[in-house]
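Dear colleague,

I am handing over the structure we spoke about, and I would be grateful if you could look through it with the notes that follow.

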Amino acid sequence: MRILIYGAGVQGSYLAHVLVRGGNDVTILARGKRIEELKKDGIVIRHYFQHKTTVDKVNVISKLLPNDIYDIIFVLMQYQQSKSILSVISDNISKYIVFVGNNANAREFQDFINKNSNEQKQIAFGFQTNGGRYVNSRIVNIRLGGSMDIGSLDGKLSWHQLLENAFKNTKYKLIFNENMDSWLKTHMIFVMLWLTLLMHVMVIYVK
Ligand SMILES: NC(=O)c1ccc[n+]([C@@H]2O[C@H](COP(=O)([O-])OP(=O)(O)OC[C@H]3O[C@@H](n4cnc5c(N)ncnc54)[C@H](OP(=O)(O)O)[C@@H]3O)[C@@H](O)[C@H]2O)c1
């Protein structure tokens with residue numbers, strides 16, 4: 001399957017690795033010095049708990065043009081960064097789009113795309129259950145991983161089979177959810193509570 005990963009950071013690099021290993025034709029959209037890193041070294045991932053490092057070669061692009069067609073586009077960036085490319089996604093002819101990551105306003109994304117696309121798009125939202133960070137500029141260190149909560153904002157995802165096909169030769173699990181809006185908002189509340197608790201502990205520790 002022809003797949004675009006839009007955003008070559010921690011989460012995008014990990015998902016690209018999974019989908020390449022699953023036999024898909026994966027392209028990653030990067031910017032800045034990450035373009036050259038990916039072209040030269042491929043996607044280098046340190047799997048923290050498995051004590052191994054993987055390297056995967058992928059196609060790298062720096063721009064999504066309106067007629068570039070993919071079976072699925074996954075967008076994996078920070079919330080504001082994803083928001084800033086909604087018109088690029090709307091102008092592109094690919095039909096199936098998944099926004100992955102924290103998103104307190106998923107419906108706004110969906111409404112924008114529905115309003116601004118020439119053709120009807122199918123939109124899903126997801127959240128990868130892994131954590132990671134860069135250990136240096138080119139190596140992504142991943143802890144846990146291997147699954148994504150995913151679904152639409154309104155009921156069952158009609159195109160779940162397409163997603164299952166993309167992941168069928170991987171060990172990665174898709175956990176379908178019929179109301180990703182409330183899933184994402186609930187998750188945000190947990191994150192806020194966790195951060196508040198952490199700040200209190202740090203204040204007590206510093207005192
Ligand atoms: N990392 C984690 O452990 C973790 C865990 C759970 C959830 N999440 C969520 O997952 C989502 C993605 O997080 P992440 O950690 O993967 O973020 P990240 O490492 O910052 O990756 C975002 C990538 O997108 C690139 N980018 C931003 N705007 C772009 C644009 N207009 N065109 C092309 N590329 C662009 C960034 O490039 P630059 O580096 O040049 O800015 C960066 O490479 C977020 O919603 C985050 O909250 C992350």
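**Notes on the model**

Strand E7 (residues 96-100) is mostly covered, with 4 of its 5 residues buried. Strands here (E, at least two residues), like helices (H or I, at least four), are DSSP runs numbered from the N terminus, and a residue is called buried if 20 or more other C-beta atoms lie within 10 Å of its own, exposed if 12 or fewer, and partly exposed in between, with C-beta atoms placed from the backbone. Please bear in mind that this is a predicted model, in which local features need pLDDT of at least 70 and side-chain atom pairs count only at pLDDT 80 or more, while totals for chains, interfaces and linings use all residues. Residues are numbered from 1 along each chain as its sequence is written.

To stay with E7 for a moment, this strand runs parallel to strand E6 (residues 72-76), to which 4 bridges join it, and it also pairs with E8 in the parallel sense over 5 bridges; two strands are said to pair if DSSP finds at least two bridges between them.

An antiparallel pairing is found between strand E3 (residues 43-47) and strand E4 (residues 52-56), which are joined by 5 bridges, with valine 44 standing opposite valine 55 in E4. These two strands form a hairpin with 4 residues between them. Histidine 51, placed in the loop between E3 and E4, has a phi near 55°, a positive value in a residue other than glycine. Histidine 51 counts as exposed because it has 7 C-beta neighbours inside 10 Å.

As for the chain overall, it has 7 helices and 10 strands. Its radius of gyration is 17 Å, close to the 17 Å that the globule rule gives for 207 residues, so the chain is as compact as a globular protein of that length; the radius is taken over C-alpha atoms, and the rule is 2.2 Å times the number of residues to the power 0.38. Along the principal axes, the C-alpha atoms fill a box of roughly 60 × 40 × 30 Å. Of the 207 residues, 33% count as buried. Among contacts between residues at least 6 apart in sequence, 68% join residues at least 24 apart, where a contact requires the C-beta atoms of two residues, placed from the backbone, to lie within 7 Å.

Leaving aside neighbours within four places in sequence, isoleucine 3 is in contact with several residues, including Leu19, Val26, Ile72, Phe74 and Ala166.

Arginine 2 is found in strand E1 (residues 2-6) and is partly exposed, because 16 other C-beta atoms lie within 10 Å. With the neighbours within four places in sequence again left aside, arginine 2 is in contact with Asp25, Tyr70 and Asp71.

Which residues are closest to the ligand? They are Gly7, Gly9, Gln11, Gln81 and Gly101, out of 21 residues that surround the ligand, a residue being near a molecule if its C-beta atom, placed from the backbone, lies within 6 Å of it. Helix H1 (10-21), helix H3 (79-84) and strand E8 (122-134) each supply at least two residues of this shell. By class, the shell has 7 nonpolar, 12 polar and 2 charged residues, where Ala, Val, Leu, Ile, Met, Phe, Trp, Tyr, Cys and Pro count as nonpolar, Asp, Glu, Lys and Arg as charged, and the others, Gly among them, as polar.

Asparagine 114, in helix H5 (residues 106-116), is exposed, because 12 other C-beta atoms lie within 10 Å. Threonine 186, in helix H7 (residues 180-206), counts as exposed because it has 11 C-beta neighbours inside 10 Å; threonine 186 and valine 206 are 20 residues apart in sequence and 30 Å apart in space, C-alpha to C-alpha.

With best wishes
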